[in-house]
Amino acid sequence: MKYQLIRTCKDCKNEDIFEFTKVQTAFELYDSKLIWDKKCSKCTSTNCCSLKRPYVKLDKEILDIWGNDEKLYLNSQDEEIILAEMHYLDITLTAINEDKYLKRKINILLESICILLYDNSVICNDFSEEENQKREENAKIIRPELIKMKAKIKESEEHIMEYIKVVVFPQIGIK
C-alpha cells in the first residue's frame, strides 16, 4: 500500500502528490524540506503552504522495525505519548513481554503504559461522567498489567517522568 504526502502550493493551491511506502511514511524516511522546496507541477512556484502527511497506524511490523533500530523514531519527540493509547495496549504489552527490542525502546514502551494509566487515572471535570467511567474501566485493565511488570518498571524508573510516577507508582505498589 502506498501512502500519499500532499504538497500544497501557496500561489495556485495546486496539490502535488508524493507516494511512499508504509515504512517510509511511518518513520518519515524522506526529505520533507526537499519536497517543501520543490517546484509546483502547475505553476512552478517554490512557495509551499502545507505538507499533509498521512497517519500510519502502528502495527506489529512497524513496531518491530522501530524496536530494533536505534535510529528510527515514531516521532522526533514524545514517542511515549504517541504509544500511550488503549488501542496500542495489547501490541505494546506483547512487545515488552517478548523482550526482543533494544533496551531504550523497551523503556519507551514501559513509560507509554505508565502514561496510559496516568491518563486514565486522574478524574477530571473536563470529561463527562461517561468518559470518566470509561477511563476508570481502562485503568482497571491497565493497572494489573503494570503490576505484572513492576520489576521492569522499577528498572526503567529513571526514564519515567516524575509527575507520572507520583500518580502511577502507588497504584502498582512501587514506593
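In the predicted model, Arg143, Leu146 and Ile147 of helix 7 are in contact with Val168, Gln171 and Ile172 of helix 9. By residue class, this contact between helix 7 and helix 9 comprises 4 nonpolar, 1 polar and 1 charged residue. Helix 7 spans residues 129-148, and its axis lies 9 Å from that of helix 9, at an angle of about 75°. Because angles of 65 to 115 degrees count as roughly perpendicular, helix 7 is assigned a roughly perpendicular arrangement relative to helix 9.

Helix 9 (residues 162-172) also packs against helix 6 (residues 103-121). The angle in this pair is about 90°, and the axes are 9 Å apart; helix 6 and helix 9 are therefore roughly perpendicular to each other. On the side of helix 6, the contact is formed by Cys114, Ile115, Leu117, Tyr118 and Ser121. Their partners in helix 9 are Tyr163, Ile164, Val167, Val168, Gln171 and Ile172. The residues of this contact of helix 6 with helix 9 include 9 nonpolar and 2 polar members, with no charged residue.

Helix 6 and helix 7 pack against each other as well, with an angle of about 145° and a distance of 8 Å between their axes. The crossing of these two helices, helix 6 and helix 7, is left-handed. Helix 6 contributes Ile113, Cys114, Leu116, Leu117, Asp119, Asn120 and Ser121 to the contact, whereas helix 7 contributes Arg135, Glu136, Asn138, Ala139, Ile142, Arg143 and Leu146. The contact of helix 6 with helix 7 divides into 7 nonpolar, 3 polar and 4 charged residues.

When residues up to four places away in sequence are not counted, Pro54 touches Tyr3, Gln4, Leu5 and Thr25. A separation of 9.6 Å is found between the C-alpha atoms of Pro54 and Lys22, which are 32 residues apart along the chain.

Terms used:
Residues numbered from 1 in each chain as written. Predicted model: local features only at pLDDT ≥ 70, side-chain atom pairs only at ≥ 80, totals over all residues. Heavy atoms only, no water. Axes fitted to C-alpha atoms, helices over the stretch in contact; angles between N-to-C directions. Helix = DSSP H or I, 4+ residues; strand = E, 2+ residues; numbered from the N terminus. Parallel < 35°, antiparallel > 145°, perpendicular 65-115°, else oblique. Contact = heavy atoms within 4.5 Å. Nonpolar A, V, L, I, M, F, W, Y, C, P; charged D, E, K, R; others polar. Left-handed = near helix turned anticlockwise from the far one by under 90°.
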